[in-house]
Amino acid sequence: MFLCHIYDRSIDMNVDAPDAVRAFPPQCKALIARHKRTYPFTDLVPMYGYEACRRLVGYWEKIYNDINEETTYNEFRLFKRMLRDIALSADDSAKSVFGALSSCKLVPRPWLSDYVGRLRARMLDPDDTTFTDAGGSSVIKYLETLRNCLNRFAMLDVLPSVELSTQGMYGDDTEVKTPCFATLLIEAGRLKLDGDNDRENALKFHIANRTVLEALRSSLVEVFKSAQDRFEERNRLLANPNIPSPGMIVRAMRARAALRGAHARGKRGLADLLEGTEDYVRGVALRAFITLYHRRKIPVSRFSLNRLLQEAGGVEFIAKLAEPCGDTLMAAATLVQIDTGWEASTVLNMDLDPFVGEIKKNSITVRAIVSKKNRAQGKLRNAALVDAGGDEDNPDQDAKILLKQKGAITAYQVILAYKSMTADIRHQIAARQSNKLWLTRGARGLNRVVYDAFRCFLDRHQAHTILGGLPLTRRSIKRTKYNVDAESDVGNIGLTRAKGDHSSSKLAFAYLSAPAVRAIFKNKIREYLQQMEAVVYATVDDLAEKLKIPLADLNRRKLLGIDNGLAALLAEPRTKSSSLQAITAKAQTLKPDNAGLRSLVIAGFGIDARWEEMSTKNPHRFLRVWVPWMALIQAMVQKIMITRHRAKFRRVFDEVRKEIDAGALALPIIW
């Protein structure tokens with residue numbers, strides 16, 4: 001019976017009828033140039049229909065044309081899993097989304113938002129394995145991958161924009177784990193910090209970050225200047241009026257290829273156009289390379305063309321003269337990244353004309369530059385590029401901004417120079433890529449070219465006294481730059497956040513390394529009391545309202561620090577509850593007896609043991625809760641140390657420290 005069924009179906013399939021049934025669904029897969037993998041939607045055809053899948057294939061090829069293969073594949077797996085889940089789910093919102101997708105209609109935002117919210121809850125539920133059985137940080141990565149994919153579709157208006165938060169039961173995704181350059185020095189054993197001197201440690205950390213960043217920038221400038229020298233040499237060679245036109249060069253190569261026997265040694269005719277001085281031959285080869293080398297079909301044999309290039313110094317040599325190579329692209333893009341502090345992907349996504357305005361003051365010019373993030377739904381990032389000119393010895397005397405040393409090449413000059421280098425080849429590149437600032441040829445994408453060139457750059461600098469042996473990454477540049485700026489801004493989170501162009505103070509704080517955090521909040525704890533608005537509140541008016549202090553009085557009391565009466569400040573009458581009010585009673589009831597001092601010392605040790613971890617894991621809570629308590633404890637200690645109870649405090653302090661060292665006392669776990 002089974003054989004008969006197969007036989008009958010095979011007969012039906014051979015019938016030339018309009019309603020013939022296929023044994024398998026038609027092939028439906030996305031193909032992307034330079035990708036070895038294909039992205040098949042064929043298995044979804046029985047669910048969504050061929051037309052809907054064909055549309056998805058078209059969208060996928062368009063959206064991911066410039067995305068690297070690994071990212072594309074990771075997002076494809078989760079996107080298909082989501083589509084399969086939508087098709088098989090009994091949830092009302094999933095059914096609505098499925099109906100819109102399968103009928104090739106736009107999905108309404110409420111339906112997709114509701115489905116994505118339910119899917120997120122399922123993914124975060126360790127007992128629900130219907131979508132994934134991964135746990136812990138892997139789920140966060142899955143959520144990030146799916147969010148990025150949905151954002152790409154939303155940018156093309158294929159799907160509505162919906163929120164997919166990656167914060168859930170597994171923790172906060174704000175923590176920045178990429179090490180800065182100073183941390184890499186510590187891990188390499190080339191930088192040691194004193195455990196007791198916070199300010200000195202912070203200064204060492206800052207100097208180490210700045211030194212490595214400056215050394216990296218200086219080395220990259222050398223690479224880029226070499227590219228500029230090659231570009232000038234290119235223009236000089238091509239300016240020779242004796243160099244024939246591309247058409248004549250092709251005819252000359254054909255004539256030389258046809259020479260045989262005695263003719264090769266006698267009158268050579270047009271073939272003589274390929275002979276001459278070293279500069280002349282290089283100029284001919286350059287013109288031939290620029291005109292012919294990257295064309296699919298050329299009017300002369302590849303052998304003849306390569307022979308000419310070899311005679312002029314080799315294909316690689318002429319290619320570097322003709323147009324910017326991978327090293328030039330890497331050096332230019334990384335220099336811009338160092339000066340802007342952006343992510344590497346944001347730099348590579350810059351448009352051909354990224355400048356949106358400029359401000360001039362005396363010899364200083366500040367230019368605004370923008371680009372789009374690949375993540376965060378294509379959010380615009382902005383930065384200020386500063387140029388100092390003129391003859392003044394201190395051009396930044398009146399400017400509260402950090403300026404590059406006069407005479408040093410700036411990111412603005414790098415961008416202009418790179419645009420000039422690539423002006424002649426942009427018409428040979430696809431319009432979608434030529435509208436962007438950075439260009440590359442061949443099968444590899446921009447990020448891969450820059451990554452490989454950066455690795456080779458580090459290999460060439462293994463003997464460098466500063467850079468040699470350090471596992472530097474382009475991702476580390478952002479955090480290093482941010483820490484350097486934070487130290488220069490003297491702990492002003494608002495200013496540092498603005499320079500880093502972060503969406504919140506919480507994210508700005510997360511990019512600080514522990515020594516920088518220590519410098520800002522432990523060494524400058526008095527400044528928290530003097531200028532709380534710089535860390536917690538937005539304005540002086542807000543601070544006055546929170547503390548119920550008249551604005552005029554607050555302006556007169558320039559010093560709100562510990563030495564000017566913290567107890568009085570905390571005892572101000574309030575009508576609203578605040579984090580400071582919550583600790584007022586504790587501050588007023590502390591008795592300087594053995595029990596009271598012991599509690600104070602244990603609290604201090606407990607906070608000191610965990611504050612660095614908390615500042616990274618939960619910056620928002622650290623700013624809101626921990627910093628006031630750190631200020632209060634330090635205030636109490638400072639007050640006690642100028643009273644008759646200081647000897648008793650030292651004795652209690654030593655006793656508690658000995659108990660902790662001996663393991664006889666467990667510190668409280670503070671949240």
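Buried means under 20% relative accessible area, exposed means over 50%, and partly exposed is in between (1.4 Å probe, protein chains only). You're looking at a predicted model, where local features need pLDDT of at least 70, side-chain atom pairs count only at pLDDT 80 or more, and totals for chains, interfaces and linings use all residues. Residues are numbered from 1 along each chain as its sequence is written, and side-chain values use heavy atoms, with hydrogens and water left out.

**Exercise 1: aromatic pairs**

Work out how the rings of W60 and F76 are arranged, and whether these residues are buried or exposed.

*Step 1.* Searching the whole structure with it turns up 16 aromatic pairs.

*Step 2.* For W60 and F76, the ring centres are 5.4 Å apart and the planes meet at 70°, so this pair is edge-to-face.

*Step 3.* Now place them: W60 is in helix α3 (residues 50-63) and F76 in helix α4 (residues 69-88), so the pair ties together parts 16 residues apart in sequence. Helices (H or I, at least four residues) and strands (E, at least two) are DSSP runs, numbered from the N terminus.

*Step 4.* Both W60 and F76 are buried. They also belong to one aromatic cluster, along with Y39, F41, Y64, F79 and F153.

**Exercise 2: around Y412**

Find what pairs with Y412 and what sits over its ring.

*Step 1.* F355 and Y412 have ring centres 5.1 Å apart and planes at 70°, so they're edge-to-face too.

*Step 2.* F355 is in strand β3 and Y412 in helix α16 (residues 411-422), 57 residues apart, so to speak a link between distant parts of the chain. Both residues are buried.

*Step 3.* The charged end of R367 sits over the Y412 ring, 3.6 Å from its centre. The test is that NZ of Lys or CZ of Arg is within 6 Å of the ring centre and within 35 degrees of the ring normal.

**Exercise 3: cysteines**

*Step 1.* A disulfide is a pair of cysteine sulfur atoms within 2.5 Å.

*Step 2.* C28 itself is buried, at 4% relative accessible area.

*Step 3.* Over the whole structure, the search finds zero disulfides.

Notes
Rings of Phe, Tyr and Trp (its six-membered ring) pair if their centres lie within 6.5 Å; planes under 30 degrees apart count as stacked, over 60 as edge-to-face and the rest as tilted.
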